[in-house]
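Me: Hi! Could you walk me through this model with a few questions and answers?

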Amino acid sequence: ALELIAEHGFPNVTVEDITEAADVGKGTFFNYFETKDHVLGVMAEIQLGKVREAAALAAKGKQTIHGVLHDLVLHLAEEPGRSPGLARAMISSFLASEAVRGIMERNMREGRKTIAEVVAAGQERGEIDPKLKKKVVAIQLLQTCMGTVLLWSLHGEPPLKAWIEDSFQHFWRAIVSPDRKQES
């Protein structure tokens, strides 16, 4: 489905196109997805799962929050990073479909809340500036990631990973604890 969406755009892909490409019947498709829009909902669920995994890592305390957040943004960029066309198709689908937008908003709300928990852990450990509002930092992380994917999708070069690395380093310098800035 993602390949078809990247190639033709979400509005131009039918359930029949997806079932033919996957070599399954329409009945099988509808056993897993309520509508075509819900295919992208699954993508949003996968992304939310990555956020939950990051929170679990932060809670274990074996990895720095810098490392947890860094790995998170890299993992969040994996799917859209397959190709600029896929990233553009996903972004436009999120904006164009009211059903997909609703799914995305619910998942983004939970994702922001979960990222805010990771930020709070970073503040407690002295890695992140305690004066910053954790909810704002969570939104800024998502803006950094999503904005970077959007801009990369327009250019395609260098690879998305390089764009994400650069954006994350700027983001981190903005939130790092003042005590840690002096250590650098």
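Me: Is Ser-177 buried or exposed, and what is its relative accessible area?
Reply: Happy to start there. This is a predicted model, in which local features need pLDDT of at least 70 and side-chain atom pairs count only at pLDDT 80 or more, while totals for chains, interfaces and linings use all residues. Residues are numbered from 1 along each chain as its sequence is written, and side-chain values use heavy atoms, with hydrogens and water left out. Buried means under 20% relative accessible area, exposed over 50%, and partly exposed in between (1.4 Å probe, protein chains only), so Ser-177 counts as buried, with a relative accessible area of 4%.

Me: Which residues is Ser-177 in contact with, leaving aside neighbours within four places in sequence?
Reply: Ser-177 sits in the loop between α9 and α10 (178-183); helices (H or I, at least four residues) and strands (E, at least two) are DSSP runs, numbered from the N terminus. Contact means heavy atoms within 4.5 Å. With neighbours within four places set aside, the partners of Ser-177 are Gly-126, Glu-127, Ile-128 and Asp-129.

Me: How many helices and strands are there in the protein?
Reply: From the N terminus on, the elements run α-α-α-α-α-α-α-α-α-α. That gives 10 helices and 0 strands.

Me: Which residues touch the most other members of the largest nonpolar core?
Reply: A nonpolar core is a set of buried Ala, Val, Leu, Ile, Met, Phe, Trp, Tyr and Cys residues joined through side-chain atoms within 4.5 Å. Leu-141, for example, touches Leu-69, Leu-72, Val-73, Ile-115, Phe-168 and Phe-171, not counting residues up to four places away in sequence. Of the 33 residues in the largest core, those touching the most other members are Leu-69, Leu-72, Ile-115 and Leu-141.

Me: What is the volume of the largest pocket?
Reply: On a 1 Å grid over the protein atoms alone, a pocket is an open set of points where a 1.4 Å probe fits, with protein on both sides within 12 Å along at least five of seven lines; lining residues have an atom within 4 Å of a point. Grid points are joined across faces, edges and corners, and a volume is the space filled by probe spheres set on the points. For the largest pocket, that comes to about 590 Å³.

Me: Which helix supplies the largest share of the lining of the largest pocket?
Reply: Among the 24 lining residues, the closest to the pocket centre are Gln-47, Phe-94, Met-104, Met-108 and Met-146. α4 (37-60), α6 (84-96), α7 (98-124) and α8 (134-155) each supply at least two lining residues. The largest share, 7 residues, comes from α7.
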